[in-house]
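Subject: Handing over the structure

Dear colleague,

I am passing this structure on to you and would be glad if you could look through it before reading further. My notes on what was found follow below it.

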Amino acid sequence: YRLGIAPSRPAARQLVLHKHITVNGEVVNIPSYRVKPGEVVGVREKSKSLEVIADCLTGFNHSKYPWLEWDANTMSGKYLHMPQREDIPETIKEQLIVELYSK
């Protein structure tokens, strides 16, 4: 989802389940697969012509996440390092989460 391959998180999970995504060249079909720093996530060769993937990649700003590196020629991205809290764009109030689960 963060690489811009899918329009939403549920769509990204579906792309993984339908075996359209690879990690280090190996097809992955487990949406909860944990990518480690240095691994390359890409679109499977057969799936590069899918309309949903092409539509998502056009106009997506790949430079807005400093922990990801995108290669448009191979339609793959590299996970560089674990993001710091200030790098994540969502507005999450951690204190509210802590208060909820401490009850």
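This is a predicted model: local features need pLDDT of at least 70, side-chain atom pairs count only at pLDDT 80 or more; totals for chains, interfaces and linings use all residues.

One term is needed first: a residue is called buried when its relative accessible area is under 20%, exposed when it is over 50%, and partly exposed in between.

The strands make up an open sheet of five, in the order β2-β1-β3-β5-β4, and their pairing is antiparallel. At the edges are β2 and β4, each of which pairs on one side only.

Backbone angles in two loops

Lys 19, in the loop between α1 (9-17) and β1, has a positive phi near 60°, and its relative accessible area of 39% makes it partly exposed. Asn 24, whose accessibility was given above, sits in the loop between β1 and β2 and has a positive phi near 55°.

Glu 39 and its surroundings

What surrounds Glu 39, leaving aside its neighbours within four places in sequence? The residues in contact with Glu 39 on that basis are Val 23, Asn 24, Tyr 33, Arg 34, Gly 77, Lys 78 and Tyr 79. Glu 39 itself belongs to the loop between β2 (26-27) and β3 (40-43). Although Glu 39 is buried, it has no salt bridge, and the nearest side chain of opposite charge, that of Lys 36, is 4.5 Å away. Since a salt bridge needs the side-chain nitrogen of Lys or Arg to be within 4 Å of a carboxyl oxygen of Asp or Glu, that distance does not qualify, which is why no salt bridge is assigned to Glu 39. The Glu 39 side chain does reach the backbone nitrogen of Lys 36, at 2.9 Å, and a polar contact of 3.5 Å links it to the side chain of Tyr 33.

Salt bridges

Side chains of opposite charge can pair when their charged atoms come close. How many salt bridges does the structure hold? There are two. One is formed by Glu 45 with Lys 48, whose closest N and O atoms are 3.4 Å apart; Glu 45 is exposed, because its relative accessible area is 62%, and Lys 48 is partly exposed, at 22%. The other brings together the side chains of Arg 85 and Glu 94, at 2.4 Å from N to O, and here Arg 85 is partly exposed with a relative accessibility of 35%, as is Glu 94 with a relative accessible area of 39%.

Buried residues elsewhere

Ser 47 lies in the loop between β3 and α2 (51-57), and it counts as buried because its relative accessible area is 4%. Apart from neighbours within four places in sequence, Ser 47 is in contact with His 20 and Ile 53.

Finally, a search of the whole structure finds one aromatic pair. This pair consists of Tyr 65 and Trp 67 and is tilted, with 5.1 Å from centre to centre and 50° between the planes. Both residues, Tyr 65 and Trp 67, are buried.

Note on methods. Residues are numbered from 1 along each chain as its sequence is written. Side-chain values use heavy atoms; hydrogens and water are left out. Helices (H or I, at least four residues) and strands (E, at least two) are DSSP runs, numbered from the N terminus. Buried means under 20% relative accessible area, exposed over 50%, partly exposed in between (1.4 Å probe, protein chains only). Lys and Arg count as positive and Asp and Glu as negative; His and the chain ends are not counted. A polar contact is a pair of N or O atoms within 3.5 Å; within protein, one must be able to donate a hydrogen and the other to accept it, and residues adjacent in sequence count only if both atoms are side-chain atoms. Contact means heavy atoms within 4.5 Å. Rings of Phe, Tyr and Trp (its six-membered ring) pair if their centres lie within 6.5 Å; planes under 30 degrees apart count as stacked, over 60 as edge-to-face and the rest as tilted. Two strands pair if DSSP finds at least two bridges between them.
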